[in-house]
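Please keep the sequence and the model open while reading.

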Amino acid sequence: MFHTRNCLHRRAYQHKVGNIIETMITEAFLKADRHIRIQGSQGQIFTLSTAIDDMVAYTKLTDNVFEHILNSSSQELAEARQILHNIICRHLYKCLGQTRPDKALTVIQETIHSWEADLAKSTPQSGSLDVVLQPEDFVVSVILMDYGMKEKNPINNVRFYCKEDLTKAIKICKNQVSKLLPEHFAEQLIRVYCKKTDEKTVEAAKKHFVQWCMDMNFSKPQDGDIIAPELTPLKLSWCNNNEGEDNDDSSSKETEVLVNGLKKAKTQLNFK
C-alpha cells in the first residue's frame, strides 16, 4: 500500500508535466492578481490573493477565474492570458532534467532564487552555443517523495491482527515483511525547467543544468549522458557509482572514457 502510494505520486500526482502546469497557472494568477476584483461580504473588494480572508469572496474562486483571464481582452491581463494560452496549447516550459542531493536540504524561496541564478552562471566547459541565459529563464521545483512518514518506515507504526485472536494487535519485524524493501523511505527530487522553448536555448540550458549538478555535487541526471555526453565523464563520481555491483561492459567503457579524457568521449559519441 505504501509502495503504491509512492508510485502514484511519481507517476501522477507529482508528474513533471502536471508539476509545471501547476507552476505556470500559479505564475499566471500572480501576474493577474492585482487586476482582478472580487466582491465579498458587505460589498468589500478583494484580489485573488486576499480573497481567502473573506468567505463570500473565497467561494467565488472557481474555474471561472481561469476562463475569465483566458478569454479577457484587457491589456493588463495580457501576460497572464499568454501563459494560460500556452498551457491550453501545450506550449509548456521544457523539463531539463531531475537530480537529487545526497542528503535532504532545507529549501526556502531564497534558496530557489539562488539556484536559478547559479544555473544561469554555471557555464559548461564545452560552451553554451552562444546563448545567454538569465535566472528568470529557469524554474526550479523541489519535491519530496516518501512512503507516508517522511524518512521513517511506516510499517513500524502499523499493528496487525491475527485471525486466531481478533482482540490482540501485534507488531511485525522488518524481515517478516519482505527482503524487497527500500533502503530509504524518503528522497528529495530537484527538477529544473526552462521557460524558453526554442531548440538552441533548450540545448544550452540542458548543459547548464548538467554543469550545475556537477558544481552542486548532486546526482547525475538520468539522461545526463544523452543531453551532455561531453560533460558527464569529467566527474569521477559519476563514472561508476554502483559500488558493490558487478562491473559490466558499459561501466568499463565509461572508465576508459574517463582515462582518455574529453577527446575520447567525443570520438565514442561520433562513432555511435
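Two rings of Phe, Tyr or Trp, the last taken by its six-membered ring, count as a pair if their centres lie within 6.5 Å; planes over 60 degrees apart make the pair edge-to-face. The model to which this rule is applied here is a predicted one.

By that rule, the count is five aromatic pairs. One of them joins W115 and F218, with 6.0 Å from centre to centre and 80 degrees between the planes, an edge-to-face arrangement. The two residues come from distant parts of the chain, 103 residues apart. W115 belongs to helix α6, which covers residues 109-121, while F218 sits in the loop that runs between α8 (199-216) and α9 (224-227). W115 and F218 are both buried.

A second pair is made by Y147 and F185. Their ring centres are 5.6 Å apart and their planes stand at 85 degrees, so this pair too is edge-to-face. Y147 is in the loop between β4 (138-146) and β5 (160-162), and F185 is in the loop between α7 (174-177) and β7 (186-194), so the pair ties together parts of the chain 38 residues apart in sequence. Y147 and F185 are likewise both buried.

Where does P124 lie in the chain? P124 is in the loop between α6 and β4. Is P124 buried or exposed? Its relative accessible area is 4%, and the cut-off for a buried residue is under 20%, so P124 counts as buried. Which residues does P124 touch, once neighbours within four places in sequence are set aside? The contacts of P124 are then K207, H208, Q211 and L231. From P124 to V210 the C-alpha to C-alpha distance is 8.0 Å, although 86 residues separate the two in sequence.

The remaining values describe the whole chain. Its secondary structure consists of eleven helices and seven strands. Of its 272 residues, 35% are buried. Taking the contacts between residues at least 6 apart in sequence, 64% join residues that are at least 24 apart. The pair of W115 and F218, 103 residues apart, links distant parts of this chain. The accessible surface comes to about 17,700 Å², and carbon and sulfur atoms account for 50% of that area.

Notes:
Residues are numbered from 1 along each chain as its sequence is written. This is a predicted model: local features need pLDDT of at least 70, side-chain atom pairs count only at pLDDT 80 or more; totals for chains, interfaces and linings use all residues. Side-chain values use heavy atoms; hydrogens and water are left out. Rings of Phe, Tyr and Trp (its six-membered ring) pair if their centres lie within 6.5 Å; planes under 30 degrees apart count as stacked, over 60 as edge-to-face and the rest as tilted. Helices (H or I, at least four residues) and strands (E, at least two) are DSSP runs, numbered from the N terminus. Buried means under 20% relative accessible area, exposed over 50%, partly exposed in between (1.4 Å probe, protein chains only). Contact means heavy atoms within 4.5 Å. Accessible areas come from the Shrake-Rupley method with a 1.4 Å probe; for residues, only the protein chains shown count as cover.
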